[in-house]
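Thanks for coming. I will take a few minutes to walk through one structure, and I will start with a question.

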Protein chains: 2
Amino acid sequence: MRRPHPTLTPQELAIMKVIWRLGSVTVRDVYEDLRAERTIAYTTVMTMMRILEDKGYLKKTSADRAFVYSPAKPRQQVVGAMVQDFVDRVFDGASSSLLVHLAKDNRLTAKQRQAIEKLVKELED
Amino acid sequence: MRRPHPTLTPQELAIMKVIWRLGSVTVRDVYEDLRAERTIAYTTVMTMMRILEDKGYLKKTSADRAFVYSPAKPRQQVVGAMVQDFVDRVFDGASSSLLVHLAKDNRLTAKQRQAIEKLVKELED
DNA sequence: ATCACACTACTAATGAAATAGTACTAACGC
DNA sequence: GCGTTAGTACTATTTCATTAGTAGTGTGAT
């Protein structure tokens, strides 16, 4: 019935972001990093990392005491798939529609927003 | 523990897209529209629309026989929030990082991709 | 008036995502 | 050698998203 998430779920992404930043990590490394932001159990992180391994996002090698995990796919590829999924789902594949919204982001300067708007017009040609 | 979805879930979005397209609708209108694509129960659509009303995305007026639902928030605003959530979650708020990925979308022409890349450089200044 | 039909309200079931506990194992320090 | 600590495997639980069923109500047609 309900389809499993086609890319990374929010929590899976949070964990992958830590790992992409740190490179090769143990469960403990990720656990410590996440705990700086919020409370989470060690075993929760472990479970998530096992799932990520099952899904092919992580590979592990048995080193010394604990397993060492590292990304199995480059960040660009995974995030690119997430962008694609988002554009398809929300904008039916029309990237330019997404740009229109980015142009409204008020964390950008007026100048930057104008540059994006200019680009949108160009893409429509 | 688990946080509810901050914006629209995939199925909620699918329904809102129909309603934004059709304007004011009954449950049946949406049901018929969705059924053209896939099998779904009438009551399923009704439940989703009730949830969307609870969440403040739809308002209903009692007309004739069935309720008539219409969008409570403009499409631009809702989709804009989804974009913001996505950019925050995936790119820590950096819109330009998103642009880099859009520039790789091979549904665009080489010319369009170059234009986006040019914009990315401008944004970084 | 009553039957059929459409709609609603309420409730239920299922599945996935997220969180975490418990029992077991291995290594390290002393 | 043995206890303490860190790690793992397995399992359980909870919540949210999604899907749908059932009973009840009201209206229109005949």
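Which residues come nearest to DNA strand D? Before the answer, please keep in mind that this is a predicted model. There are 27 residues around DNA strand D, and those that come nearest are A:Ala66, A:Phe67, B:His5, B:Thr9 and B:Thr47. That list draws on chain A and on chain B.

Now the helices behind that surface. With 4 residues, α3(B) gives the most. Sorted by class, the surface near DNA strand D has 11 nonpolar, 10 polar and 6 charged residues.

Next, DNA strand C. Around DNA strand C there are 27 residues, and A:His5, A:Thr9, A:Thr43, B:Ala66 and B:Phe67 come nearest. The largest share of the surface near DNA strand C is that of α3(A), at 4 residues. The classes for DNA strand C are 11 nonpolar, 10 polar and 6 charged residues.

That brings me to the two chains themselves. How is chain A superposed on chain B? A rotation of 179 degrees does it, with 0.0 Å of shift along the axis and an RMSD of 0.1 Å. This is the relation of a two-fold axis. Within chain A, the C-alpha of A:Leu119 is nearest the axis, at 3.8 Å from it. Both copies use the same surface, as 100% of the contact residues of chain A recur in chain B.

What does the contact between the chains consist of? In it, 24 residues of chain A meet 24 residues of chain B. On the side of chain A that touches chain B, α1, α4 (75-91), α5 (95-102) and α6 each supply at least two residues. The most comes from α4(A), with 7 residues. That side of chain A has 14 nonpolar, 5 polar and 5 charged residues.

One helix pair between the chains is worth a look on your screens. Helix α6 (residues 110-124) of chain A and helix α6 (residues 110-124) of chain B have axes that come within 10 Å and cross at roughly 180 degrees. The two helices, α6(A) and α6(B), are therefore roughly antiparallel to each other. From α6(A), the contact takes A:Gln112, A:Ala115, A:Ile116, A:Leu119, A:Glu122 and A:Leu123, and from α6(B) it takes B:Gln112, B:Ala115, B:Ile116, B:Leu119, B:Glu122 and B:Leu123. By class, these residues divide into 8 nonpolar, 2 polar and 2 charged. A:Leu119 is in this contact, and its C-alpha is the one in chain A nearest the two-fold axis.

Last, a helix pair inside chain B. The axes of α1(B) and α2(B) come within 10 Å and cross at roughly 115 degrees, so α1(B) and α2(B) are roughly perpendicular to each other. Their crossing is right-handed. On the α1(B) side the residues are B:Ile15, B:Val18, B:Ile19 and B:Leu22, and they meet B:Asp29, B:Val30, B:Asp33 and B:Leu34 in α2(B). This contact has 6 nonpolar, no polar and 2 charged residues.

That is what I have for today.

Methods: Residues are numbered from 1 along each chain as its sequence is written. Chains are lettered from A and ligands numbered from 1 in the order in which they are written. This is a predicted model: local features need pLDDT of at least 70, side-chain atom pairs count only at pLDDT 80 or more; totals for chains, interfaces and linings use all residues. A residue is near a molecule or strand if its C-beta atom, placed from the backbone, lies within 6 Å of it. Ala, Val, Leu, Ile, Met, Phe, Trp, Tyr, Cys and Pro count as nonpolar, Asp, Glu, Lys and Arg as charged, and the others, Gly among them, as polar. Axes are lines fitted to C-alpha atoms, for helices over the stretch in contact, and angles run from 0 to 180 degrees between N-to-C directions. Angles under 35 degrees count as roughly parallel, over 145 as roughly antiparallel, 65 to 115 as roughly perpendicular and the rest as oblique. Two residues are in contact if their C-beta atoms, placed from the backbone, lie within 7 Å. Copies are superposed by least squares on the C-alpha atoms of residues with pLDDT of at least 70 in both. A crossing is left-handed if the near helix is turned anticlockwise from the far one by less than a right angle, and right-handed if clockwise.
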